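Please read the following report alongside the sequence and the three-dimensional structure, which are shown first.

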Amino acid sequence: MIQDIQPKHLHNQYNPIPPNGDCYALYYEDHAVLLKKTQEGIVFPRFRELEQLNEEIYEDYIYLFSVDEERYYLVQEINREPLSDFTMENTEIFRTAAPQYHAFAGVTGYQLYNWYKDHKYCGRCGKLMVRDDRERMLRCSACHNTEFPKICPAVVIGVTDGNRILMSKYAGRTYKKYALLAGFTEIGETVEETVAREVMEEVGLKVRNIRYYKSQPWAFSDTLLMGFYCELDGEDEITLDWEELALAEWFEREDIPVEPSRDSLTNEMIIKFKSGEV
């Protein structure tokens with residue numbers, strides 16, 4: 001999966017030391033990121049490559065994290081026009097880009113970029129928020145409201161029935177490939193209750209033997225995904241929620257039209273079932 005960057009390691013402790021010229025500068029605009037595509041993969045600009053055109057870059061930055069000893073920072077409102085080797089690319093590039101540790105760093109930085117952008121002002125009184133110098137936190141100096149990054153828990157659900165697994169396609173989304181059922185955990189419920197509720201809401205089926213498989217940080221939607229397998233309990237006739245799904249159908253292992261990919265928990269769970277490991 002995208003976060004599996006071993007032997008490298010993401011160090012996400014907030015350590016806001018000043019950058020030097022060799023540190024990576026991550027720059028985003030909405031759903032786009034500044035990078036260079038090479039034969040070896042994607043490359044982010046380093047501060048020394050931006051400093052000549054952006055004299056204030058060493059003053060207006062936010063520390064993000066490090067991968068091993070390499071530090072990554074968020075930079076804002078830079079002059080990038082003459083940087084012909086670097087282009088703005090859609091952040092979806094991180095799903096498949098190499099090297100994998102750069103892809104994971106890029107999408108994790110994108111998650112933090114969105115959090116800082118969406119919490120520039122206090123949600124309680126509207127005043128400008130101030131970054132803390134010890135924690136990954138924003139504080140309102142007027143009403144003392146504090147904000148930490150929020151992570152949304154969600155489940156990915158492999159519903160099985162003997163040699164079959166239930167797969168679906170989303171309605172109204174750009175992602176058109178087969179996926180598993182999924183949904184966000186609501187206030188007041190356990191993740192196991194989320195599994196049963198989402199299956200009933202989306203396809204009208206009851207399930208049993210709900211068992212946890214694995215989790216994945218999914219920065220594309222600020223989500224912590226938790227994968228579960230469960231078994232059909234009773235009738236297998238599908239009642240589709242057309243607002244959520246375009247289709248849902250049962251597949252025998254040997255007929256599953258999905259091939260292995262690197263990025264997602266969903267894909268790994270499908271391939272595990274397809275190969276007979278589940």
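## Helix α4

In this predicted model, helix α4 is mostly covered, with eight of its ten residues buried, where buried means under 20% relative accessible area, exposed means over 50%, and partly exposed lies in between (1.4 Å probe, protein chains only). Helices (H or I, at least four residues) and strands (E, at least two) are DSSP runs, numbered from the N terminus. The buried residues of α4 are L265, T266, N267, E268, M269, I270, I271 and F273, and they pack against β12, β13 (164–170), β15 and β16. Just after α4, G276 takes a positive phi of about 85°.

## Basis of the model

Residues are numbered from 1 along each chain as its sequence is written, and side-chain values use heavy atoms, with hydrogens and water left out. As the model is a predicted one, local features need pLDDT of at least 70 and side-chain atom pairs count only at pLDDT 80 or more, whereas totals for chains, interfaces and linings use all residues.

The protein averages a pLDDT of 94, and 100% of the residues score at least 70; pLDDT is the predictor's confidence in each residue, from 0 to 100. Confidence is lowest in helix α1 (residues 47–50), at a mean of 93, and highest in strand β2 (residues 24–26), at 98.

## Overall architecture

The protein has four helices and 17 strands, and its C-alpha trace spans about 65 × 50 × 35 Å along the principal axes. Of its 278 residues, 47% count as buried. Among contacts (heavy atoms within 4.5 Å) between residues at least 6 apart in sequence, 66% join residues at least 24 apart.

## Strand β16 and its partners

Eight of the ten residues of strand β16 (residues 223–232) are buried, so this strand is largely enclosed by the rest of the structure. Two strands pair if DSSP finds at least two bridges between them. Strand β12 (residues 152–161) runs parallel to β16 and is joined to β16 by nine bridges, with I157 standing opposite F228. Strand β15 (residues 207–218) pairs with β16 in the antiparallel sense, also over nine bridges, and here V207 stands opposite L232. Four residues lie between the strands in the hairpin of β15 and β16, where D222 takes a positive phi near 55°.

Strand β12 is also joined to β14, in this case by four bridges and in the antiparallel sense, and F184 in β14 is the bridge partner of A154. In a regular strand the side chains alternate between the two faces of the sheet. Strand β14 (residues 181–184) has a covered face, formed by L181 and G183, and an uncovered one, formed by A182 and F184.

An open sheet of four strands has the order β1-β6-β7-β2, with mixed pairing. Strands β1 (10–11) and β2 stand at its edges with a single partner strand each, so one side of each is left without a neighbour in the sheet. Two bridges join β1 to strand β6 (residues 61–67) in an antiparallel arrangement, and L10 stands opposite V67.

Another open sheet, of three strands, has the order β9-β10-β11 with antiparallel pairing; its edge strands, β9 (129–131) and β11 (146–147), each pair on one side only. Strand β10 (residues 138–140) and β11 pair over two bridges, and L138 stands opposite E147.

## Nonpolar cores

A nonpolar core is a set of buried Ala, Val, Leu, Ile, Met, Phe, Trp, Tyr and Cys residues joined through side-chain atoms within 4.5 Å. The largest has 67 residues, of which F44, F47, Y72, F94, Y116, M167 and I256 touch the most other members, and helix α2 (residues 100–118) gives the most to this core, with nine residues. Leaving aside its neighbours within four places in sequence, Y116 is in contact with Y14, I62, L74, R131, R136 and L138. A second, separate core of 21 residues includes V155, V195, M226 and W250.

## The largest pocket

The largest pocket is lined by 34 residues, of which R95, Y170, R173, Y175 and W218 lie nearest its centre. The elements that give two or more residues to its lining are β12, β14, α3 (191–203), β16 and α4 (265–274). On a 1 Å grid over the protein atoms alone, a pocket is an open set of points where a 1.4 Å probe fits, with protein on both sides within 12 Å along at least five of seven lines, and lining residues have an atom within 4 Å of a point.
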